[in-house]
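Here are my notes on this one, in the order I would go through them at the screen. Have the viewer open while you read.

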2 protein chains.
Amino acid sequence: MAKIKASSHEKNFDESEHNAQGRDMANCPVTTAINVIGGKWKVIILYQLRGQTLRFGELKRVIPKITQKMLTQQLRELEKDKLVKRVVYAEVPPKVEYTSTELAEKLNPALDLLCAWGSEYEKAHQSE
Amino acid sequence: MAKIKASSHEKNFDESEHNAQGRDMANCPVTTAINVIGGKWKVIILYQLRGQTLRFGELKRVIPKITQKMLTQQLRELEKDKLVKRVVYAEVPPKVEYTSTELAEKLNPALDLLCAWGSEYEKAHQSE
DNA sequence: CTGTATCCTTAGAGATACTG
DNA sequence: CAGTATCTCTAAGGATACAG
């Protein structure tokens, strides 16, 4: 995929210049959204956490092909972006639970539409 | 951003293994959708082409910070993914027009929701 | 169990120059 | 006008080993 920095909220348009009467709306927050959920495993993790709390190991088991490093990293970013809440229990052995936040749940309608569109897309391409 | 191959429709789940009763739906086509529109400039280009045909140079002018190389590359991928139609006129000087396809227009509702969510996200983070 | 820390490979992306 | 062709840099992501 593209190189999308997690913390990059940079504008892709130079608003200072008269930008040839292009649609300034193009710089609407879709780009922000894509930046936030565009990570390779983000939507997958988010999906698993829909209305459900999971431990680190459970997530790992449910997403077998993700590495520990990536799981940790993506979770940290999601946490920083306030899409996931992380709760550490002071036990031994350690126990950490991940839950999706309100903000994340608000994403669901959009994800559902994307999911539906993805199906259409796959249908349109399955002939190849 | 994440590394998302344009042509990668690989499964991120190992369906052969009993995957710890994880939600198989997690591997729903959201991931496909993200792969297709996750490119750094894709949604921006798509937005500019909403219900409107533009020439290469017009796109370049409207998205000043994109390089020619990236514009060409992203357009080629969108074309391959059947989201954009490319029409070349046999004139001199050359003239090439880009139009969004039906499939691309079907994405709009999802993009609108993402846009709305992006605004919420920005609000929730502006305090920082 | 839930992580770090390293090392490594690649793909994404920018800059620049050139062309039919 | 609408692109290629190179070159380079960086960051995303994977593999593996180690640790509280």
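The points below start with conventions, then take up chain A and chain B.

1. Conventions. This is a predicted model, where local features need pLDDT of at least 70, side-chain atom pairs count only at pLDDT 80 or more, and totals for chains, interfaces and linings use all residues. Residues are numbered from 1 along each chain as its sequence is written, chains are lettered from A and ligands numbered from 1 in the order in which they are written, and side-chain values use heavy atoms, with hydrogens and water left out.

2. Chain A overall. Chain A has six helices and three strands, and from the N terminus its elements go α-α-β-α-α-β-β-α-α. Helices (H or I, at least four residues) and strands (E, at least two) are DSSP runs, numbered from the N terminus. Of the 128 residues in chain A, 48% are buried; buried means under 20% relative accessible area, exposed over 50%, partly exposed in between (1.4 Å probe, protein chains only).

3. Helix H4 of chain A. Just after H4(A), A:Lys82 has a positive phi of about 65°.

4. Its buried face. Which residues of H4(A) are buried? They are A:Leu71, A:Gln74, A:Leu75 and A:Leu78. They cover an arc of only 100° around the axis, so they sit on the same side of H4(A); the arc is that of the directions from the helix axis to the C-beta atoms. Their packing partners are helix H2 (42–48), helix H3 (56–62), strand S2 (84–89) and strand S3 (95–100) of chain A.

5. The sheet in chain B. Three strands form an open antiparallel sheet, ordered S1-S3-S2. Strand S1 (54–55) and strand S2 (84–89) of chain B are at the edges with a single partner strand each, so one side of each lacks a neighbour in the sheet. S2(B) pairs with strand S3 (residues 95–100) of chain B over six bridges; strands pair if DSSP finds at least two bridges between them.

6. B:Lys85. This residue belongs to strand S2 of chain B, and its bridge partner in S3(B) is B:Thr99. B:Lys85 is exposed, with a relative accessible area of 51%. Leaving out residues up to four places away in sequence, B:Lys85 touches B:Glu97, B:Tyr98, B:Thr99 and B:Thr101, where contact means heavy atoms within 4.5 Å.
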